[in-house]
Amino acid sequence: MVGVTQTQTSETGRSPEFRLVQAALGGLRQELFHDAFAYRPLPRMDVGSGSARFLPARIRVHAGLLPHAIVVFLALIVFLIGYDRVDSGFGPAAFVFAWVSPTIVLVTLIRPVFAYWASLCSTPFVAFLSGYWGGWPWPDNAFAAHLVVLTVVAARTGPRTAGWMWAGTAAYALFAEMFLGVGRSSDAIPLLFVSALALLTVSMIQIRRQADRAVTAEQTVTAEERSKRTVLEERTTIARELHDVVAHHMSVVAIQAEAAPYRVENPPPELEQAFLTIRENAVAALTELRRILGVVRAEDYEAPDAPQPTLADLDALVRNVTEAGLDVEKTVTGAVRELPQGVELSAYRIVQEALSNVLRHAPGAAAKVEVSYVLGGLGLRVANGPARGLVKPSPGAGHGITGMRERVTMLGGEMTAEATADGGHEVAAFIPVSREETVE
């Protein structure tokens, strides 16, 4: 126990300097050693933005290869520098001396990190082939090649990689001066100075581009959020106006239905019951309307305490529409069980909307409601015959079917709504319910 405590203390009690060095070495491993041989072809330049989009179409097709052409051109310059230094007596060594450096520059097109290591490790051998007269520790062609490699790799990776590459180059220069020196003047300082300027310039450009992309992304998100907020505000306004209009008319309906029996002397009981049903429906609609409007208006809305309707309330719904003049036959099959609240509520609303559609679009028709409790979920079917009688169907916008389908889709189910052969209509839906979701 004491040993474990001491070990944990030693791990958590490490100095900030040690953790800083550990993080630095971890960054070095990530940037220059991890996937150093990874195949990463240089992508084509985006010609859809910037000044390239103003080029003619025939030229713009090939303009995306401009970065590749620049690297190839720089490799040619490096080759010419080496070829100019080659002595005719070199033989095969001259060929290697002239071609190694430009080849490494071309490798940056496909394996950028590997090209850096190849340039750094090949430098002493190229210097040996040049007989140390072409510069130390970098001959002229290796000097130019390493500058190009550093710049291209930094442009293809990032500022942190650029910093580590410069540090590695400085470490090699120090090692060459201390252990591989041959008494000649060194060109390490000029290389480190010029490469630092080049890497700093590339890093600043990259940081600027990253900042521009971040600002653009933030502006896009802000515009989308502003658009969504505008839509929500517009919907809230519509909901309030809808409440003002509908609530007024429904209140008038409720009051007129309550007062109507008193306007007739000795009204029959059927007439009193009909007006009572009208008033109850109007009051229920007003209650639902106020509850839904509360959802839209309240920013910190909480669910109402009143229970939401479930399949157990279908009998009351059937009685309600029967009193309104619709002949409804309800059938329940399977083992009745309690389902998740969302399924119960959606199933109730689907049956409610389907029966409302029958009342509006097929007055006088008989309807059948079938509720099937099956092993994998819940099946619903509401069918009606053609309209009968003198009452004309009410026009509608058709949003009821859309709302039912959205409820079923949200629960991962399927629904069909189609005309039947006898001129009626049928709505069938299946809502899957797994055994784990069934309320015990």
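Across which strands does helix H12 lie? In this predicted model, local features were required to have pLDDT of at least 70 and side-chain atom pairs counted only at pLDDT 80 or more, whereas totals for chains, interfaces and linings use all residues. Residues are numbered from 1 along each chain as its sequence is written, and side-chain values use heavy atoms, with hydrogens and water left out.

Helix H12 (residues 341-361) lies across E1, E2, E3 and strand E5 (425-432) and runs at about 5° to E3. Helices (H or I, at least four residues) and strands (E, at least two) are DSSP runs numbered from the N terminus; angles, from 0 to 180 degrees, are taken between N-to-C directions of axes fitted to C-alpha atoms, for helices over the stretch in contact.

The five strands of the open sheet follow the order E1-E2-E3-E5-E4, with mixed pairing. Strand E1 (327-334) and strand E4 (414-419) stand at the edges with a single partner strand each, so one side of each is left without a neighbour in the sheet. From one strand to the next, the twist averages 10°. Strands are taken to pair if DSSP finds at least two bridges between them. Strand E2 (residues 366-374) pairs with strand E3 (residues 377-384) in the antiparallel sense over eight bridges, and Glu370 has Arg381 in E3 as its bridge partner. Helix H11 (residues 314-323) also packs on the sheet, where it touches E1 and E2 (contact: heavy atoms within 4.5 Å). The direction of H11 makes about 165° with that of E1.

Asp315 forms a salt bridge with Lys330, with the closest N and O atoms 2.6 Å apart. Because Asp315 lies in helix H11 and Lys330 in strand E1, the pair ties together parts that are 15 residues apart in sequence. The structure holds four salt bridges (a side-chain nitrogen of Lys or Arg within 4 Å of a carboxyl oxygen of Asp or Glu).

One cavity of 30 Å³ or more is present in the structure. A cavity is a set of points, on a 1 Å grid over the protein atoms alone, where a 1.4 Å probe fits but cannot get out; lining residues have an atom within 4 Å of a point. The largest cavity holds about 40 Å³ of space. Helix H5 (92-107), helix H6 (112-129) and helix H7 (140-156) each supply at least two residues of its lining, and the largest share, four residues, comes from H6.

Definitions and conventions:
On a 1 Å grid over the protein atoms alone, a cavity is a set of points where a 1.4 Å probe fits but cannot get out, and a pocket is an open set with protein on both sides within 12 Å along at least five of seven lines; lining residues have an atom within 4 Å of a point. Grid points are joined across faces, edges and corners, and a volume is the space filled by probe spheres set on the points.
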